[in-house]
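Open the model in your viewer and keep the sequence panel beside it. This tour goes from stop to stop: select, look, move on.

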Amino acid sequence: MSARPMFPLGSVLFPHTPLPLRVFEPRYLTMIGRLLDDDDPRFGVVLIERGHEVGGGDRRSGTGTMARLVSVSAGAEVVHAVVVGTERFSVDEWFDDAPYPRAEITPLPDLTWNDALTPLRTEAEAIVRRALARAPEARWDARTELSDEPLAAAWQLAAIAPLGEYDRYALLRSTTTGGLLRQVIDLTLEAELVW
């Protein structure tokens, strides 16, 4: 597989979840410009574990999510983009950041849905929505709509749960849907205890 464009961020992107981006660094403006010419405008998003989004010199996580460009609009010296997470991947090797970060990646297996998980998903949704209604500073509204597709909804619950980025990264690394939902419940209940 060839090197994929990468966008290290201070936040986690989940599959089936939108993420607005404000792009102003020249290297990422170049990357977005090149992607607009692609039939499949996708790039990888990984969490910055240490360091800063601007200027490089960061330490990047080894698991990320592919982002598909949905919309792009240009302002003065900034581009506003909306992406949607697709499949997860692991990073095999980072390449030179010129002209923008790139990495060799391996897709991770998709999680699978089993209808026996419906009660667990229902419980996770109730806990996340309650926490969002009570959270001091939540990014998402407690009434945020979720997909009708159950696996997509499970990932979206992980995305809207009022958690810190390291907890969100742990969720991204889930290997089963049941494990994902149980962690969403446990981490959200733990977060509620410290508000």
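Select glutamine 156 to begin. Is glutamine 156 buried or exposed? Its relative accessibility is 14%, so glutamine 156 counts as buried, the cut-off being under 20%. Keep in mind that this is a predicted model. Glutamine 156 sits in helix α3. Now show the side chain. The side chain of glutamine 156 reaches the backbone nitrogen of serine 147 at 2.7 Å. Which residues touch glutamine 156, leaving aside neighbours within four places in sequence? They are His16, Thr17, Leu146 and Ser147.

**Colour by confidence**

The average over the chain is 92. A score of at least 70 is reached by 94% of the residues. Helix α3, residues 150-160, has the highest mean among the elements of the chain, at 97. Strand β3, residues 42-50, has the lowest, at 90. A word of caution applies to any model of this kind: where pLDDT is low, the predicted coordinates should not be read in detail.

Go next to histidine 16, one of the contacts of glutamine 156. Histidine 16 lies in the loop between β1 (4-9) and β2 (18-23). What is its phi? The angle is about 65°, positive although histidine 16 is not a glycine. Most residues other than glycine have a negative phi. Histidine 16 is partly exposed, with a relative accessible area of 36%.

Then select glutamate 77. Find it in the loop between β4 (59-74) and β5. Its phi is also positive, near 65°, and glutamate 77 is not a glycine either. With a relative accessible area of 74%, glutamate 77 is exposed.

**A cis peptide bond**

Move to proline 99. Its place is the loop between β5 (79-94) and β6 (102-107). Look at the bond that joins alanine 98 and proline 99. That peptide bond is cis, with omega at about -5°. Most peptide bonds are trans.

**Tyrosine 169**

Select tyrosine 169 in helix α4, residues 165-172. Its relative accessibility is 10%, and tyrosine 169 counts as buried. What surrounds tyrosine 169, beyond its neighbours within four places in sequence? The contacts are Val12, Leu47, Glu49, Ser61, Gly62 and Thr63.

Zoom in on two of them. The side chain of tyrosine 169 reaches the backbone nitrogen of threonine 63 at 3.2 Å.

**Salt bridges**

Now show the charged side chains. Side chains of opposite charge can pair when their charged atoms come close. How many salt bridges does the structure hold? There are 12. Visit three of them.

Start with aspartate 141 and arginine 143. Their side chains meet at 3.3 Å, N to O. Aspartate 141 is partly exposed at 37% relative accessibility, whereas arginine 143 is exposed, at 68%.

Salt bridges with shared partners join Glu25, Arg27, Arg60 and Asp97 into one network. Select glutamate 25 and arginine 27 within it. Their side chains form a salt bridge of 3.1 Å, N to O. Glutamate 25 counts as buried, at 12% relative accessibility. Arginine 27 is buried too, with 13%.

Arginine 42 counts as buried at 15% relative accessibility. Aspartate 40 is partly exposed, with a relative accessible area of 37%.

Methods. Residues are numbered from 1 along each chain as its sequence is written. This is a predicted model: local features need pLDDT of at least 70, side-chain atom pairs count only at pLDDT 80 or more; totals for chains, interfaces and linings use all residues. Side-chain values use heavy atoms; hydrogens and water are left out. pLDDT is the predictor's confidence in each residue, from 0 to 100. Helices (H or I, at least four residues) and strands (E, at least two) are DSSP runs, numbered from the N terminus. Buried means under 20% relative accessible area, exposed over 50%, partly exposed in between (1.4 Å probe, protein chains only). Contact means heavy atoms within 4.5 Å. A polar contact is a pair of N or O atoms within 3.5 Å; within protein, one must be able to donate a hydrogen and the other to accept it, and residues adjacent in sequence count only if both atoms are side-chain atoms. A salt bridge is a side-chain nitrogen of Lys or Arg within 4 Å of a carboxyl oxygen of Asp or Glu.
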